[in-house]
Amino acid sequence: MQNRDAEAVLAALARTSGDVPGARRVARQFADLDAGERSALLWSEDAGARLVAVLLLVQAMRDRPDAELTDEYLAAAKAERFEDPALVDLAAEELVGAPLVGGSPGPLFALAKSDVAMVRRIAVVATLAFAKQGDAEVPLGIAGRLVRERTETVQSALGWVLRETGKRASEESLVAFLERQGRFLTPAARATATEHLPPAERDRLRG
């Protein structure tokens, strides 16, 4: 019988290029990994192990939604186990945002108050689940709480999520938000947020 533990995952990962596509292949290969072994990966000192663990959590959530998967993910984030933004960008929408769609977004506003920058990034990226359902209010609400933050960890996520909110939910609401608060975004974030807009509007909002 094939070994199905954390060490086997690391051995399989070592045979890849170590990038996200390689980690995805390993996560699919070990989709049935025991929750305890997955946890060992998530709390590992190995960055690749943590990436595979996060992808395993996403796969598990797709197979059978469970609030404990969200809790496991957030516990690691709050303990500052996430150094790579990919661990947020690949998972926050499905693990944190999607379970809240149709209910209260209060937990996202709580995350936005975290002392940990990656947790605040999770709050931003998770709102993509709302934007994709045509809801601009939640993404813009979170953005309004964090727009004055200067860390690249949060600002880069704001630019991306604001752009997607304008494309998928409400361009009008995005423009109104940028008119009010766009000056607080970094130039790079503002450029990303406006890149899909008509040239004249884009140039006006970039100031």
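**D34**

I looked up the side chain of D34 and found that it reaches the backbone nitrogen of G36 at 2.7 Å. I count this as a polar contact, meaning a pair of N or O atoms within 3.5 Å; within protein, one must be able to donate a hydrogen and the other to accept it, and residues adjacent in sequence count only if both atoms are side-chain atoms. The model is predicted, so local features need pLDDT of at least 70 and side-chain atom pairs count only at pLDDT 80 or more, while totals for chains, interfaces and linings use all residues. Residues are numbered from 1 along each chain as its sequence is written, and side-chain values use heavy atoms, with hydrogens and water left out.

I place D34 in the loop between α2 (20-29) and α3. Helices here are DSSP runs (H or I, at least four residues), as are strands (E, at least two), numbered from the N terminus. D34 is partly exposed, with a relative accessible area of 48%. The cut-offs are under 20% relative accessible area for buried and over 50% for exposed, with partly exposed in between (1.4 Å probe, protein chains only). I also noted R4, which is 30 residues from D34 along the chain, with 7.9 Å between the C-alpha atoms.

**α3 and its partners**

I went on to helix α3 (residues 35-42) and its packing against α5, where I read an angle of about 25° and axes 11 Å apart. Axes are lines fitted to C-alpha atoms, for helices over the stretch in contact, and angles run from 0 to 180 degrees between N-to-C directions. Angles under 35 degrees count as roughly parallel, over 145 as roughly antiparallel, 65 to 115 as roughly perpendicular and the rest as oblique.

The crossing of α3 and α5 is right-handed. A crossing is right-handed if the near helix is turned clockwise from the far one by less than a right angle, and left-handed if anticlockwise. On the α3 side I listed R38, S39 and L42, which meet L69, E72 and A76 in α5. Contact means heavy atoms within 4.5 Å. By class, I get three nonpolar, one polar and two charged residues for the contact of α3 with α5. Ala, Val, Leu, Ile, Met, Phe, Trp, Tyr, Cys and Pro count as nonpolar, Asp, Glu, Lys and Arg as charged, and the others, Gly among them, as polar.

Helix α1 (residues 6-14) also packs with α3, at an angle of about 55° and with the axes 9 Å apart. That pair is therefore oblique. I found A6, V9 and L10 of α1 against E37, A40 and L41 of α3. The residues of this contact of α1 with α3 divide into five nonpolar, no polar and one charged.

**S44**

I find S44 in the loop between α3 and α4 (47-63). S44 counts as buried, at 15% relative accessibility. Leaving aside neighbours within four places in sequence, I list A49, R50 and R81 in contact with S44.

T70 sits in helix α5 (residues 67-78). I record T70 as buried, with a relative accessible area of 11%. A polar atom of the T70 side chain lies 2.5 Å from the backbone oxygen of L95.

I then checked E80, in the loop between α5 and α6 (86-89). E80 has phi near 60°, a positive value in a residue other than glycine. Most residues other than glycine have a negative phi. E80 is exposed, with a relative accessible area of 57%.

**A123**

A123 lies in helix α9 (residues 117-126). I read 0% relative accessibility, so A123 counts as buried. The C-alpha atoms of A123 and L108 are separated by 5.1 Å, and the two are 15 residues apart along the chain. Neighbours within four places in sequence aside, A123 is in contact with L108, L111, A112 and I142.

I located F184 in the loop between α13 (171-181) and α14. F184 and R148 are 36 residues apart in sequence and 5.3 Å apart in space, C-alpha to C-alpha. Beyond neighbours within four places in sequence, F184 is in contact with V147, R148, R150 and Q155.

My last pair was helix α14 (residues 187-194) and helix α15 (residues 199-206), whose axes come within 10 Å and cross at roughly 160°. These two helices are therefore roughly antiparallel to each other. The crossing of α14 and α15 is right-handed. I listed R190, A191 and T194 of α14 and R202, L205 and R206 of α15 as making the contact. By class, this contact of α14 with α15 has two nonpolar, one polar and three charged residues.
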